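Thanks for coming. I will go through one model today, and I will keep to what can be computed from its atoms.

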Amino acid sequence: MNNVELAKKVEGYLKGSAAKAKKFEDLVAVTISLISDNNEDMYVTVRDGKILVDHYVYEDNNCAVEASAEIIDKMFSGELSFDKALADGSVLVKSGDPAKLKALECLVPSKKTVSKPAAKKTDDKKTAPVKTEEKKSTPAAKAEAPKTEEKKAAAPAAKVPAKGKGKKR
């Protein structure tokens with residue numbers, strides 16, 4: 001994969017992160033040199049709340065890194081954490097502040113598997129009865145319990161016929 005193709009993919013990954021980019025207070029500009037026979041470059045920048053990705057060198061960058069196109073693709077797709085890529089040497093910092101690269105990770109979409117949301121729905125159903133039980137154990141709920149018993153005690157009295165409406169003797 002060349003720098004033009006990779007820049008388009010990364011831009012696609014970050015497309016839904018415009019709201020997050022608006023929260024950036026400082027310029028974040030990272031130049032990425034791709035390890036390949038062609039020595040291609042690209043950059044990812046957050047500037048004035050906008051995400052810019054292109055297949056050129058960003059001259060006034062905060063950080064310059066070097067990595068393979070596959071590693072960069074995995075990082076921006078959410079398959080590989082930025083910290084892990086830096087720690088294991090998959091991404092080498094050539095100059096600047098690596099924290100600027102790490103700052104971009106919050107723009108990366110989180111990977112969601114089909115099984116995890118299903119588990120959450122099941123868990124929500126399991127927690128609903130627990131919440132109901134907690135309500136019963138509150139002092140207010142205990143105060144209501146005697147009222148229910150009083151109503152039961154009063155109920156048989158209501159079944160007794162009133163004077164003059166019973167069987168004649």
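Which backbone nitrogen does a side-chain oxygen of asparagine 2 reach at the start of H1? It is the backbone nitrogen of valine 4, to within 3.1 Å. A polar contact here is a pair of N or O atoms within 3.5 Å; within protein, one must be able to donate a hydrogen and the other to accept it, and residues adjacent in sequence count only if both atoms are side-chain atoms.

Before going on, the ground rules. This is a predicted model, where local features need pLDDT of at least 70 and side-chain atom pairs count only at pLDDT 80 or more, while totals for chains, interfaces and linings use all residues. Residues are numbered from 1 along each chain as its sequence is written, and side-chain values use heavy atoms, with hydrogens and water left out. Helices (H or I, at least four residues) and strands (E, at least two) are DSSP runs, numbered from the N terminus.

Back to H1. The buried residues of this helix are Asn3, Leu6, Ala7, Val10 and Leu14. Buried means under 20% relative accessible area, exposed over 50%, and partly exposed in between, with a 1.4 Å probe and protein chains only. They sit on the same side of H1, because they cover an arc of only 100° around the axis; the arc is that of the directions from the helix axis to the C-beta atoms. Their cover includes helices H2 (18-21) and H3 (69-77), along with strands S1 (28-34), S2 (41-47) and S3 (50-54).

Now to H3, where isoleucine 72 lies. Isoleucine 72 is buried, at 1% relative accessibility. Leaving out residues up to four places away in sequence, isoleucine 72 touches Leu6, Val10, Ile32, Leu34 and Ala67; contact means heavy atoms within 4.5 Å. Isoleucine 72 and leucine 6 are 66 residues apart along the chain, yet 8.2 Å separates their C-alpha atoms.

Next, the core. The largest nonpolar core has 31 residues, and Met75, Phe76, Leu101 and Leu104 have the most contacts inside it. Such a core is a set of buried Ala, Val, Leu, Ile, Met, Phe, Trp, Tyr and Cys residues joined through side-chain atoms within 4.5 Å. H3 gives the most to this core, with five residues. Leucine 104 is in contact with Val28, Val30, Val44, Val46, Phe76 and Phe82, its neighbours within four places in sequence left aside.

Last, the cysteines. Cysteine 63 is buried at 0% relative accessibility, whereas cysteine 106 is partly exposed at 39%. How many disulfides are there? The count is zero, taking a disulfide as a pair of cysteine sulfur atoms within 2.5 Å.
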